[in-house]
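Try each task before you read its solution.

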Amino acid sequence: MNLNNQTVIVTGASRGIGAATTKLLLSSGARVVGSYNRNKGALSDLIDTVGKDRLMAVKCDLSKVDAVTDLWEQALSFTDNITGIVNNAGIMPETPIQVSKDTWHADWQNVLQVNVQAVADLSRLAILHFQKTKTTGRIVNVASRAAFRGDGPDFMHYAASKSAVVGMTRTIARAYAREGIYAFIIAPGWVKTDMASIAYEKGNEWMLDEVPMGRAAEPGEIANMMVFLLSGMSDSSTGATFDINGASYVR
């Protein structure tokens with residue numbers, strides 16, 4: 001896959017799926033602007049390897065309303081040749097229905113801000129940029145199998161947010177395909193990341209037992225599909241959802 005002369009923004013690029021995607025994008029010839037929330041994580045080593053002219057790390061707290069605008073402006077200062085975005089960052093707090101009303105509302109608001117509003121904001125800026133520059137642009141949004149089959153009762157907000165991402169991405173695909181702007185959905189199941197650490201806690205063995213493959217996906221398996229879609233090798237797949245869940249949810 002050749003992504004020479006392309007620049008991609010990847011949110012949540014310091015670890016897990018985002019770090020794996022950033023690494024593969026770089027090895028495929030792309031430049032990357034990777035966002036992180038608390039620390040650079042894997043981005044530090046990647047910058048040491050490829051240099052600051054290939055990779056820019058941007059501290060970005062997507063729970064803040066203006067964070068996406070700041071990220072976009074810093075990306076444009078890196079290069080005005082932005083050709084793709086990967087909305088990968090997401091949060092999944094545990095919120096049982098027994099929590100206080102204030103906690104319930106705060107958790108829902110935070111999940112929707114990070115998992116939906118920030119995705120919408122970055123997608124909007126990307127679409128406007130692609131239209132202005134009259135270049136082909138690609139958007140890859142990370143949803144979840146939870147968007148289609150639901151999730152555990154403590155993660156109702158997470159499932160709802162990922163369903164919103166699916167509807168948003170399909171709308172983008174239908175609205176802008178004639179302008180050369182394409183949008184894709186990745187819907188993972190369990191992935192071997194920090195977010196999935198609950199599946200490896202004692203007593204939660206059933207969480208992976210229900211996966212026919214018997215294991216969580218590796219972050220690199222998600223990254224492979226991400227970069228394939230960003231490469232332009234299958235633009236007619238715009239609007240499609242790619243399930244990567246070890247057959248734990250088959251449609």
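**Exercise 1.** Find which residue of strand 6 valine 140 stands opposite.

*Solution.* Step 1: valine 140 faces phenylalanine 184 in strand 6. Strands here are DSSP runs of E, at least two residues, and helices are runs of H or I, at least four, numbered from the N terminus. Step 2: strand 5 (residues 137–142) and strand 6 (residues 181–188) are parallel partners, with six bridges; pairing takes at least two bridges found by DSSP. Step 3: arginine 138 has tyrosine 182 as its bridge partner in strand 6.

This is a predicted model, where local features need pLDDT of at least 70 and side-chain atom pairs count only at pLDDT 80 or more, while totals for chains, interfaces and linings use all residues. Residues are numbered from 1 along each chain as its sequence is written, and side-chain values use heavy atoms, leaving out hydrogens and water.

**Exercise 2.** Work out which residues point which way from strand 5.

*Solution.* Step 1: remember that side chains in a regular strand alternate between the two faces of the sheet. Step 2: Gly137, Ile139 and Asn141 point one way, and Arg138, Val140 and Val142 the other. Step 3: all of these are buried, meaning under 20% relative accessible area with a 1.4 Å probe, protein chains only.

Key. Buried < 20%, exposed > 50% of the residue type's maximum accessible area, 1.4 Å probe, protein only.
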